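Biologist: I am new to this structure and would like to go through it slowly, one question at a time. Could we begin once the sequence and the model are in view?

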Amino acid sequence: MHRRFLASLAAHTPLLPGSGEKAFIDVDSTHKRVYGRTKQGAEYGRFKGIRTLHPLLATVCTPHARPVIAGVRMRRGKAADSRGAPKFVSEALATAQEAGCTGMRILRADSQFYNAAVIAACRRAGAHFSITTGMNPSINRAVHSISDDAWQHISYPTAVPDPETGELISDAEVAEIPQYTAFASRKKAERVTARLIVRRVRDLAKPAIMGEQGELFPVWRYHPFFTDQSAATLQAEREHRHHAVVEQVIADTKAGALAHLPSGHFHANAAWLTLWAMTYNLLRAAGALTSPFHAKATTATLRSHLVQIPARIARSARRITLHLPHNWPWQQAWTHLFDTVHDPPAPA
């Protein structure tokens, strides 16, 4: 039902502009602490001494749109991060396609989803992948084989300009291994050869000067990811870092539906989570219909501007009149949304 609802919203509202060219499907999991001992599925998992449920979440966004929820799945607390991930990824990619993402689809995920089954699910669906790998021994050998002259400087918005040259000072550098074979120890059919892109930053935990002796060589921290998309190295690295937008959706979940799971039954809480996903997408569609500002606003802003409005309802002559506040800064935006939603249907 959620899948059909999202497809219908995307067909009738500008929910995902640019989805015909490129779309990003982000997958992540989170833990929600629960206190009732009788809640089904609440178990001790990653956090010692804390009972949790372990939902899995998938969002879809474009370079011009904020994320909407493509799928949610409730899991028991001690479930592994990647449990059920291949099937969930397949469903999320299919949902994105039904929602109008007919162009390039790129799955982005953290290192817990770096496995052959997830990548195989992407390829079966005709999608690309961009997945953080972590530093296993094979990746570690590949990273340290990169020559010093292969690293490119990358500038961040918060980089500091050099007072003498005006250039942005950034300790981050990016390099690429064009042909890296992942899962080499598995069967030949499960091996995948693609690009390994690595970002390195200075390890600020190591002081630059120790005692009277200066630093002999810099200490770096490496952040590699595995991808088969064709974008330039710096663009691919920038797009992969944007995977963090899924954390904003998770934070909104914990401030909303996951603030309290009302039932002791596992399936009732799973239905509660799905209903939250539908209302989240509905609110984002309302923002897209309201104004360009509200199309990219946070859900907290949408609630305060469009939903939580002090108003008075008056009834007269079998008609209902809604008296809204005077000198309200969002009057035109709210009126535009109201007129758009209540527009009479076009003649057949």
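Biologist: Over the ring of which residue does the charged end of R200 sit, 4.1 Å from its centre?

Modeller: This is a predicted model, in which local features need pLDDT of at least 70 and side-chain atom pairs count only at pLDDT 80 or more, while totals for chains, interfaces and linings use all residues. Residues are numbered from 1 along each chain as its sequence is written, and side-chain values use heavy atoms, with hydrogens and water left out. A charge sits over a ring if NZ of Lys or CZ of Arg is within 6 Å of the ring centre and within 35 degrees of the ring normal. R200 has its charged end over the ring of W151, 4.2 Å from the centre, and, at 4.1 Å, over the ring of W220.

Biologist: Which residue forms a tilted aromatic pair with W151?

Modeller: Rings of Phe, Tyr and Trp (its six-membered ring) pair if their centres lie within 6.5 Å, and planes under 30 degrees apart count as stacked, over 60 as edge-to-face and the rest as tilted. A search of the whole structure finds nine aromatic pairs. In one of them, with 6.1 Å from centre to centre and 40° between the planes, the partner of W151 is Y222.

Biologist: How many residues apart in sequence are the parts that this pair ties together?

Modeller: Helices (H or I, at least four residues) and strands (E, at least two) are DSSP runs, numbered from the N terminus. W151 lies in the loop between α4 (137-144) and β9 (152-153), whereas Y222 belongs to strand β16 (residues 220-227), so the parts tied together are separated in sequence by 71 residues.

Biologist: Is W151 buried or exposed?

Modeller: Buried means under 20% relative accessible area, exposed over 50%, and partly exposed in between (1.4 Å probe, protein chains only). The relative accessibility of W151 is 9%, so this residue counts as buried.

Biologist: Which residue forms a stacked aromatic pair with W334?

Modeller: The two rings are 5.5 Å apart from centre to centre, with 15° between the planes. Both residues belong to helix α10 (residues 331-341) and are four residues apart, which means a separation of about one helical turn.

Biologist: Which strands stand at the edges of the nine-stranded open sheet?

Modeller: Two strands pair if DSSP finds at least two bridges between them. The order of this sheet is β6-β5-β1-β7-β8-β16-β13-β12-β9, with mixed pairing. Each edge strand has a single partner, so one side of each is left without a neighbour in the sheet, and these strands are β6 (65-73) and β9.

Biologist: How many bridges join strand β1 to β7?

Modeller: Strand β7 (residues 104-109) is mostly covered, since five of its six residues are buried. Strand β1 (residues 22-29) runs parallel to β7, and the number of bridges joining them is six.

Biologist: What is the handedness of the β-α-β crossover from β7 to β8?

Modeller: Strand β7 pairs with strand β8 (residues 128-132) in the parallel sense over four bridges; among the partners in β8 are S130 for R108 and F129 for L107. A crossover is right-handed if, with the strands pointing away from the viewer, the path from the first strand over the helix to the second runs clockwise. Here the chain passes from β7 through helix α3 (residues 116-124) to β8, and the crossover is right-handed.

Biologist: Which backbone oxygen does the side chain of T290 reach at 2.6 Å?

Modeller: T290 is in helix α7 (residues 266-290) and is buried, with a relative accessible area of 6%. Contact means heavy atoms within 4.5 Å, and T290 touches L306, A333, H336 and L337, not counting residues up to four places away in sequence. A polar contact is a pair of N or O atoms within 3.5 Å; within protein, one must be able to donate a hydrogen and the other to accept it, and residues adjacent in sequence count only if both atoms are side-chain atoms. At 2.6 Å, the side chain of T290 reaches the backbone oxygen of A286.
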